[in-house]
Structure formats: C-alpha cells, structure tokens
Amino acid sequence: MSGTYDNLSERLFTQTAHQPETSTISYQGARGMTEEPLAPYIDGAHLSSFYRLQKRAFWRWQGTDSIEIEAALARMAAARGPRSADRWLDTVTDYRRGNWIFEWSQLGSARLQQGMALTATEPEQARLAFLAAARYFALASYPHLKGDSLGLQAQQLANQAYRRAGQLQPVPLKELKVPFHGKWVQGYLHLPRLDKPCPLVIVSGSLDSIQLDFQRFYQDFLAPVGIAMLTVDMPGVGYSAHWPLVQDSSRLHQAVLDYVPNIPWVDERRVALLGVRMGGNVVGRLAFLAPFKLRTVVSIAGAGHRYFSEQARFMQTPPMLRDTIANRLGARSNDWEQLFYRCQEFSLKNQGLLRSRTTVPILSIGHKRDFICPEQDTQALAAASRGGKALVLDKLPLFDVYGVALQQARDWLLAHF
C-alpha cells in the first residue's frame with residue numbers, strides 16, 4: 001500500500017513541475033521593497049529573508065520536530081538556482097531541492113510511508129506518523145493560496161494523511177458535508193464518545209490556516225473533557241476555497257450552525273463557536289446574528305475593528321498576509337491601499353454589531369502587542385456581550401501564550417456547557 005502513496009506523491013508533483021512559485025500567485029509583476037514599516041507579528045516572525053511568516057513556535061507546539069524544521073529551512077537557505085524574489089530564501093522556483101513545497105513534502109512522504117508500514121502491527125505509532133505527515137504536507141501548502149497548484153496538491157496529501165490518522169483514533173474521525181447553495185461546506189467532526197450526545201464547539205482559524213491545524217487543541221484540551229470539535233475552513237481556503245470572502249463572512253458557518261440538529265452524536269442545545277484571527281471575527285459576528293443557537297463564543301486574537309478601519313495599521317501588514325487576504329477576496333494584493341477600503345466592510349463596528357449587545361457570553365482573548373487585534377478590540381468585543389470576559393495577554397514566549405489561551409478557552413467552554 002505504501003507504493004500507492006509513493007506513486008501518488010510522485011505523480012502529483014512531477015506533472016506540474018513548472019507551476020508558478022507561491023509568492024507570485026497573488027501579486028502580479030516584480031515586487032519592490034515594502035515602503036511602509038511592518039508591525040511585529042505576534043503569531044510568529046516576519047523575517048526580511050522569508051516570504052512566509054515564520055510561525056516556528058506554533059509549528060513546534062503542533063508537534064513538528066524542531067530539528068527538522070531548522071534543517072529544512074537551512075536547505076532552503078543553501079539552495080542555489082533561481083528564486084522568484086532574490087531576497088526571500090523560501091522562493092526557489094520549480095519543485096526541486098530548496099523549494100519550500102519540495103522540502104516539506106519530502107518529510108511528509110517519509111512519515112506517510114512509515115504510517116502505512118505500521119498500520120497493521122502498531123496502529124498507535126501509525127496514527128502518530130500519519131499526523132506528522134499531515135503537518136508536513138500542510139506546511140508544504142502554507143499559506144494555502146488558491147491558484148498555487150503544487151501547494152494545493154500538498155494540501156490534498158495532508159488531508160489524506162489526516163483522514164488516515166483519524167481512522168485510528170478511539171472514535172474514528174467523521175467527515176461532514178453540509179449543503180449550501182448547491183455545494184458543500186465540508187468539515188471534520190472529532191468525537192470523544194458515541195454512547196451519548198456531546199457538547200460541540202465549531203472551530204475556525206485564520207485566513208492562512210486549514211482544519212487540521214486544530215488537532216492538538218482537540219487532543220489535549222477538548223477530548224479529555226468530553227467536548228466534540230467540528231472544524232470548518234474560512235471562505236476562500238481549504239475545503240471552502242470555492243467561496244470568496246465577502247462582507248457576509250459568516251454565511252458558511254451559519255449554514256453549519258443551522259445543520260447541527262441533524263448531527264446525531266452532538267447535543268444541539270450545547271453548541272459554542274471558537275475562532276482565531278479572521279475566524280474570531282466570524283464567531284464574534286454570529287454571537288450577534290444567531291444568539292439563540294449558541295451557549296457561548298470564544299474569539300482568540302480576532303480581527304474585530306481597528307485593523308480594518310485604521311489605514312496606518314492596515315498598511316503594516318506583511319507581504320504574505322497581504323497576499324493571503326487578497327487571495328480570499330478573489331483579488332490581487334498589488335494595490336494594497338485600495339484593498340484597505342474594500343476590507344473596511346469586515347469591521348464589526350462598521351457593521352453596527354459592536355454598537356449593540358448580545359446575550360451570548362463572549363470570551364475575547366488577545367495580546368497587548370498584537371497589531372491585528374489590539375487591546376481595545378479585545379475589550380470591546382467582550383464588553384458587547386452579556387457576561388463577557390476579556391483576557392489580554394502580555395507574555396512571551398509564544399509557547400506560554402498558546403497554553404494559557406487554550407486552557408482558558410477550554411475552561412470557559414466547560415463553564416458554559
């Protein structure tokens with residue numbers, strides 16, 4: 001069976017060896033140096049020598065091997081040959097040694113083969129190998145841009161590995177397809193038990209994340225306390241790539257929320273939402289639009305108002321994140337100033353929501369140094385809910401921030417379920 005995966009990986013990537021390199025997908029023409037000062041990025045590092053934001057602390061927290069991360073990045077730095085942008089080490093063109101997608105996919109393929117070899121004899125070790133493969137292939141795909149052929153093929157392999165791992169869990173992973181406007185909103189449902197309905201939290205991430213990024217959150221924080229997790233991609237990314245991001249940013253999640261009574265393993269009376277970054281914007285929005293279907297909402301570093309309304313703040317966005325936002329909108333990032341005016345519609349205050357109050361208690365978590373979700377936004381979202389709470393962190397390293405935020409989120413969910 002391992003040969004099947006070998007052949008699939010080889011066939012997918014060799015057929016499209018000359019596809020555009022990732023950093024050229026959402027920006028047309030030669031890139032000049034960004035004139036505006038770039039803000040510190042609390043999720044990771046914007047390094048001048050890399051196109052992609054370096055979320056190394058998050059990758060390590062997910063379980064990716066630190067030594068392999070640094071070794072892969074070193075191979076990219078040492079690679080010779082053309083790059084799409086000479087100043088960015090991770091823009092080696094074509095699928096070959098030193099190319100971002102190539103390096104992570106090689107690691108993913110090795111773990112995939114290991115998992116296949118262990119499935120019959122050591123299922124738990126096989127599950128861990130499949131999860132490692134999924135993480136590496138997801139890294140290869142990062143930041144998951146529509147139109148990035150090689151990246152999207154790596155994403156396909158990530159999902160295949162994730163499903164393999166899911167079948168080896170105590171309760172096998174389930175895939176849901178929620179009908180929406182003639183298509184499907186597809187999500188992964190993780191269940192801690194089957195003997196009685198579980199409380200459910202619907203989870204979404206940022207515009208540069210995909211569903212499998214939340215596996216450790218479920219494994220370490222939700223499963224031990226009996227909470228089920230349904231992951232849903234944001235518009236424009238992953239399984240939701242065929243829907244662009246629009247002002248009604250919560251329309252896919254609203255469809256999923258409406259579908260919950262049809263899911264036999266969960267308790268429709270105990271449902272919550274948790275979102276990170278733009279996902280935090282979406283779940284905050286639904287706290288106002290669908291209050292009778294929710295017990296509570298958790299927003300982690302949610303982009304609520306100021307990022308979309310203060311031009312100076314918006315202009316500090318790093319190049320990769322600019323490309324990601326433009327890609328979800330179905331646009332190019334060349335004219336970033338023009339996109340600022342388009343993105344103002346995502347402000348929850350401009351939509352009139354933060355001027356009212358919801359009955360849904362909101363836990364709003366942020367960081368003092370975060371330019372996307374400043375302390376004022378963290379406080380404002382909590383204050384707009386009855387029984388809401390703001391938690392503003394001011395601590396590094398990021399390992400500690402992740403742990404505190406997720407522990408607080410779990411405890412909040414338990415208290416409201």
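A residue is called buried when its relative accessible area is under 20%, exposed when it is over 50%, and partly exposed in between, with a 1.4 Å probe and protein chains only. The model is predicted, so local features need pLDDT of at least 70 and side-chain atom pairs count only at pLDDT 80 or more, while totals for chains, interfaces and linings use all residues. Residues are numbered from 1 along each chain as its sequence is written, and side-chain values use heavy atoms, with hydrogens and water left out.

**The whole protein**

Begin with the cartoon view, in which 15 helices and 8 strands can be followed. Helices (H or I, at least four residues) and strands (E, at least two) are DSSP runs, numbered from the N terminus. Next, display the C-alpha trace, which spans about 55 × 55 × 45 Å along its principal axes. Colour the chain by burial: 59% of the 417 residues count as buried.

**First stop: Asp-90 and Arg-52**

A salt bridge is a side-chain nitrogen of Lys or Arg within 4 Å of a carboxyl oxygen of Asp or Glu. Select Asp-90 and Arg-52, whose side chains form such a bridge at 3.0 Å, N to O. Asp-90 belongs to the loop between α3 (66–78) and α4 (100–118), and Arg-52 to the loop between α1 (2–14) and α2 (56–62), so the pair ties together parts that are 38 residues apart in sequence. Are these two residues buried or exposed? Both Asp-90 and Arg-52 are buried.

**Second stop: Glu-70 and Arg-56**

Now select Glu-70 and Arg-56, which meet in a salt bridge of 3.2 Å, N to O. Because Glu-70 lies in helix α3 and Arg-56 in helix α2, the pair ties together parts that are 14 residues apart in sequence. Glu-70 counts as partly exposed, because its relative accessibility is 37%.

Move on to Arg-270 and Asp-267, which are joined by a salt bridge whose closest N and O atoms are 3.0 Å apart.

**Last stop: a network**

Finally, select Arg-306, Glu-310, Arg-313 and Asp-377 together; salt bridges link them in a network. To complete the survey, note that a search of the whole structure finds 20 salt bridges.
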